[in-house]
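Open the model in your viewer and keep the selection tool at hand. The tour goes stop by stop: select, look, move on.

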Amino acid sequence: MKSTNSAIPLEKLLEQLPEKYIGTDRDLIMRAYRVAEEAHREQTRHSGEPYINHCLSVASILAELRVPPEVIAAGLLHDTVEDTSVTLADIRRDFGETITSLVDGVTKLTHLPRVSRGDQHAGNDDDKQETEEIPIAPALLGRKEDIVSETLRKTFLAMGKDVRVMFIKLADRLHNMRTLSYAPEHKRKRIAQETLDIFCPVANRLGIWQIKWELEDLAFRYVNPTKYREIAELLTEKRPDRESQLETIKENLVQLLAQNNIKAEISGRPKHIYSIYKKMQKKDKPFDMVRDVRAVRLIVPDIPSCYAALGIIHTSWRPIKDEFDDYIAAPKDNFYQSLHTAVIYEDRRPLEVQIRTHDMHLNAEYGIAAHWRYKEGTKQSDKNYEQHINSLRSMMEWGPDVRDAAEFVESMHTDVFQDRVYIFTPRGDAIDLPAGSTPIDFAYHVHTDIGHCCRGARINGKLVPLYQELKTGDQVEILTAKRGGPSRDWLNVNLGLVKTQRARSKIKVWFKKQEDEQNLQQGRDTLEKELQRLGLKDINFEKMARELNYKTPDEMFIELGNGDLPVSKIIKQFSQQEEVLDIFEISPAHSPATSTNAIEVVGLKGMLTTMGRCCNPMPGEPIIGFVTRGRGATIHRQDCPNILQTKDRERLLQVSWGHIERTYPVPIKIKAYDRQGLVNDISNLLADESINIADVAVNTNRSIADLRLVIEVKDLTQLSRILTRIENLPNVMEAHRTNPG
Ligand code: MN
């Protein structure tokens, strides 16, 4: 928006009007001008200009937003009822109901409570006589934060009635800020502060960046003149340098993207003083860091190109951690969409990049007002408008179809704003939540930990149950416990304690984490107990987890604890490791079983096999069988020339090296309350598993039987299974492996 302090004549306004305005639209605006001009004729601004210039400037700002004609007419008339002898009835008679209600809305918004109670000269933002204030609750008097929130509350309520009123009010405030230097000095700072407190948040909520940044920079200049000048000077000082760098960067980017068939418009992004200041505060960075950041904006034809361009940029330069934001997939509350990233550019200094489509760009600059822009022009922009309405609708779960701008504005008031409630924190910050939200939703919105520890709530100072629905304007204070977590009840839909998905998912995450911690402990205990029973020490859990496809041992323990992973699977995996033989620390009980079992012919178990003397296969080598006449099969290496050349392909057999069985003697100890047939049960169990008992000794002392056995087992899996089965026999207290030797 072009900043201009000078008067704008009527002709200039008429030129500025959107082209689609027809004759009657222009007539309406002319009529409104004549009424306003006559009504304000005797009045002047502080600058000495005729008052009507203010009305024309407001109308001109509105024209640039391409609002419907009745809004521009109301903009021209916005101060008449407040400041002149013109009455609402006059306006109703001459202009009808719509314009009347717009002018009335703006007049009412003018009566907002003042932000600074200490200011005895408090006047309105306009150059007009002191006006009466709307009485506000005595409890709210005196604290600035309370009055800010009360004002915001009223502002939001007014906006809920008709968003067009807010456009006029914002245009009014913008022109007053542009001409603030003419205002009496004692008023400037207060009006500027009110702009930052009230009007910038409203412009932000409506997504009208064009108005938001200008209001912010104008206001910041008066609220904090020192910082403003400091940043402005540093910016100016580096400007030529920065601009020449940006030119090179832009050329590079255009080329790089063109090589990848992406058409992009690239512009350097102006840095606004207030946003730099906020960034310095938020990130706690010195100005040097912020100043050095060059910022560019890419406008590309469609969403796939956005991500493609992002990918190219991220592969060309190193992205800076935590600087990437995908507002396309997750738009901001005010529907702002864009990809944000920052990379370390070739000169080793940061470069900020925003990537968006044309539509997203329009929406980013003009917010809700972008829709009137879509309306004019090509079929494509009509389509974009429809698409945008559709996405808005699905985002807000709108009901009926919205066909044109007028309907859109209407449904803004019924659907978008009234689906939300505006709540205030004890500090006076406004938070908007879906209608039906409860104190718990509010608590989670403020901070996850406040949500977890929420035990009660006060609304406007009164204790309320946690299922109480919040209403716009409520000031909510959350009572928290020092520690502890959410209640399971909060997830019970029937109890209506939590409305927002955001809070629900945070609660679920908390429970999941609790369960994970419990399961982790339990899983670890289970495994450690089993390993101890098997006499295994110094186990590498990292390796074990990796081999079972877990990222960390903790993940493995959690699955073990919740039962998804049986302990036997871990032991089995473990016994397949080579060093398991070392863990047995003893040699095999028998020499390896000989070659009768060494070869397994798939599907033909027990077939006589002999080793091919031509190639002498060794265990482990890929082998193949050849069916002989009367001598079973001969085993060859798969790369044996005889096999490769044979024409009798149908006589070839798939074979593999069989399992070479070995057993290992393992001493175990069983403790039990002695009973009839105990030893017998144990030996039956071992016989059942075909386990040989190499040695046995029984000691009974005061009805406690102490059995020491040496059993010959194949592997850990078998040992683990046997010990478990023995422990499950009646009267057995424990069975575990004893140290070898
Ligand atoms: Mn005004």
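The stops below run from the whole chain to single residues.

**Before you start**

This is a predicted model, in which local features need pLDDT of at least 70 and side-chain atom pairs count only at pLDDT 80 or more, while totals for chains, interfaces and linings use all residues. Residues are numbered from 1 along each chain as its sequence is written, and side-chain values use heavy atoms, with hydrogens and water left out.

**Stop 1: the whole protein**

Show the cartoon. The protein has 29 helices and 21 strands. Both are DSSP runs numbered from the N terminus: helices are H or I with at least four residues, strands are E with at least two. Of the 741 residues, 48% count as buried. Buried means under 20% relative accessible area, exposed means over 50%, and partly exposed lies in between (1.4 Å probe, protein chains only). Among contacts with a separation of 6 or more, 66% join residues 24 or more positions apart. A contact means heavy atoms within 4.5 Å.

**Stop 2: the manganese ion**

Select the manganese ion. Which protein donors hold positions around the manganese ion? They are H54 (NE2), H78 (NE2), D79 (OD) and D172 (OD), at 2.2 to 2.3 Å from the ion. Donors are N, O and S atoms within 2.8 Å of the metal (3.2 Å for Na, K and Ca); water is not among the atoms, so sites may look incomplete. Along the sequence, the donor residues follow the spacing H-x23-H-D-x92-D. Now color by accessibility. H78 counts as buried because its relative accessibility is 1%. D79 is buried too, with a relative accessible area of 1%.

**Stop 3: helices α3 and α9**

Select residues 52–64 for α3 and 163–178 for α9. Their axes lie 9 Å apart, and the helices pack at an angle of about 120 degrees. That angle makes α3 oblique to α9. Axes are lines fitted to C-alpha atoms, for helices over the stretch in contact, and angles run from 0 to 180 degrees between N-to-C directions. Angles under 35 degrees count as roughly parallel, over 145 as roughly antiparallel, 65 to 115 as roughly perpendicular, and the rest as oblique.

Show the side chains. From α3, the contact uses H54, S57, V58, I61 and L62. From α9 come F167, I168, A171, D172, L174, H175, N176 and R178. By class, this contact of α3 with α9 has seven nonpolar, four polar and two charged residues. Ala, Val, Leu, Ile, Met, Phe, Trp, Tyr, Cys and Pro count as nonpolar, Asp, Glu, Lys and Arg as charged, and the others, Gly among them, as polar. H54 and D172 are also manganese donors.

**Stop 4: two loop residues with positive phi**

Select R66, in the loop between α3 and α4 (69–76). Its phi is near 60 degrees, a positive value in a residue other than glycine. R66 counts as partly exposed because its relative accessibility is 22%. Next, select N460, in the loop between β9 (454–459) and β10 (462–464). N460 is not a glycine, yet it has a positive phi of about 45 degrees.

**Stop 5: helices α22 and α24**

Select residues 501–533 for α22 and 553–561 for α24. Their axes come within 6 Å and cross at roughly 90 degrees. That makes α22 roughly perpendicular to α24. D516, N519, L520, Q522, G523, R524 and L527 in α22 meet D554, M556, F557, I558, L560 and G561 in α24. These residues divide into six nonpolar, four polar and three charged.

Is D554 buried, partly exposed or exposed? D554 is partly exposed, with a relative accessible area of 35%. Beyond its neighbours within four places in sequence, D554 is in contact with L520 and R524.

**Stop 6: strand β15 and a cysteine**

Select T634 in strand β15 (residues 633–637). At 11% relative accessibility, T634 is buried. Setting aside neighbours within four places in sequence, its contacts include T610, M611 and F626.

Then select C614, in the loop between β13 (609–611) and β14 (623–627). C614 is partly exposed, at 44% relative accessibility.

**Last stop: E712**

Select E712 in strand β20 (residues 704–713). E712 is buried, with a relative accessible area of 11%. Its C-alpha atom is 9.4 Å from that of S690, 22 residues apart along the chain.
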